[in-house]
Amino acid sequence: MPESSCDATSFSARVITVSDRSSRGERPDASGPALVAFLGEKGFAVDAYAEVVPDERQQIARALRNAISDDIALVVTTGGTGFSPRDITPEVTSEVCERMVPGIPEAMRAASLLITPKACLSREVAGIAQRTLIINLPGSPKAAIENLAAVLDVLPHGLGILRGTILDG
């Protein structure tokens, strides 16, 4: 497939929200649905729901592995990336991934630093597990969308290479 024909409509996506309070029903999940809508608007074939899991290592890993076994092309997580002792999404993502993609969170942080100096506190990671790209995003809807928007234009190219639809990287 030529590079110009590789766009977001070629790829599936899933959103996983990592939040103790949302998983217990104490707070509505705002970031997950916002990301589902955003990815859908950009042409990804995104699941019509956002999965919500607590900040628990096994449940985060299970949600990520389920997406990988479902052959989802792009998985974005939201939440669990701060400084709280329970914020372990980057660590679990790193354990699940076979190869890391440091340029994605670097680009997100660079873009975020233009908005807030607190961006240097972000701990998001991105990596590849089999044919799935996993990207961690912040927990706030505004920050999650801003971070994803910073890298969204290059994702179809990367996913095309990962999935073999672009043979010339």
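A polar contact is a pair of N or O atoms within 3.5 Å; within protein, one atom must be able to donate a hydrogen and the other to accept it, and residues adjacent in sequence count only if both atoms are side-chain atoms. The legends below describe a predicted model, in which local features need pLDDT of at least 70, side-chain atom pairs count only at pLDDT 80 or more, and totals for chains, interfaces and linings use all residues. Residues are numbered from 1 along each chain as its sequence is written, and side-chain values use heavy atoms, with hydrogens and water left out.

**View 1. T81 in the loop between β3 and α4.** The side chain of T81 makes a polar contact with the side chain of E124, at 3.3 Å. T81 is buried because its relative accessible area is 7%, and buried means under 20% relative accessible area, exposed over 50%, and partly exposed in between (1.4 Å probe, protein chains only). Residues up to four places away in sequence aside, T81 touches D87, T89, P90, R123, E124, N136, L137 and P138. Contact here means heavy atoms within 4.5 Å.

**View 2. The open sheet of 6 strands.** Helices (H or I, at least four residues) and strands (E, at least two) are DSSP runs, numbered from the N terminus. Strands of a sheet pair through backbone hydrogen bonds, either parallel or antiparallel. Two strands count as paired if DSSP finds at least two bridges between them. The order of the strands is β2-β1-β3-β6-β5-β4, with mixed pairing. β2 (45-53) and β4 stand at the edges with a single partner strand each, so one side of each is left without a neighbour in the sheet.

**View 3. Strand β1 and its parallel partners β2 and β3.** β1 and β2 pair in the parallel sense over 6 bridges, and the bridge partner of T17 in β2 is V52. The pairing of β1 with β3 is also in the parallel sense, over 5 bridges; here I16 has T77 in β3 as its bridge partner. β1 is mostly covered, since 6 of its 7 residues are buried.

**View 4. R14 in strand β1 (residues 12-18).** R14 counts as buried because its relative accessible area is 7%. The side chain of R14 makes a polar contact with the side chain of D47, at 2.4 Å. Leaving aside neighbours within four places in sequence, the residues in contact with R14 are D47, Y49, E51, N66, A67, D70, I72, L74, V75 and V76.

**View 5. Strand β5 (residues 126-129) between β4 and β6.** β4 (residues 99-100) is joined to β5 by 2 bridges, and the two strands run antiparallel. The bridge partner of M100 in β5 is G127. On the other pairing, β5 and β6 (residues 132-137) are antiparallel over 4 bridges, and A126 stands opposite I135 in β6. The hairpin of β5 and β6 has 2 residues between the strands, and Q130 in this hairpin takes a positive phi near 55 degrees. A126 and I128 point one way from β5, whereas G127 and A129 point the other way, and all are buried.

**View 6. C97 in the loop between α4 (89-96) and β4.** C97 counts as buried because its relative accessibility is 10%. Although C97 and I128 are 31 residues apart in sequence, their C-alpha atoms are 5.2 Å apart in space. Not counting residues up to four places away in sequence, C97 touches G127, I128, A129 and I134.

**View 7. Helix α2 (residues 31-41) with helix α6 (residues 141-151).** Two packed helices are described by the angle between their axes and the distance between the axes. Axes are lines fitted to C-alpha atoms, for helices over the stretch in contact, and angles run from 0 to 180 degrees between N-to-C directions. The axes of α2 and α6 come within 9 Å and cross at roughly 30 degrees. S31, A34, L35, F38 and L39 in α2 meet P141, A144, I145, L148 and A149 in α6. α2 also lies across β1, β2, β3 (74-78) and β6, and runs at about 165 degrees to β2.

**View 8. L114 in the loop between α5 (103-113) and β5.** L114 counts as exposed because its relative accessibility is 78%. L114 and R65 are 49 residues apart along the chain, and their C-alpha atoms are separated by 34 Å.
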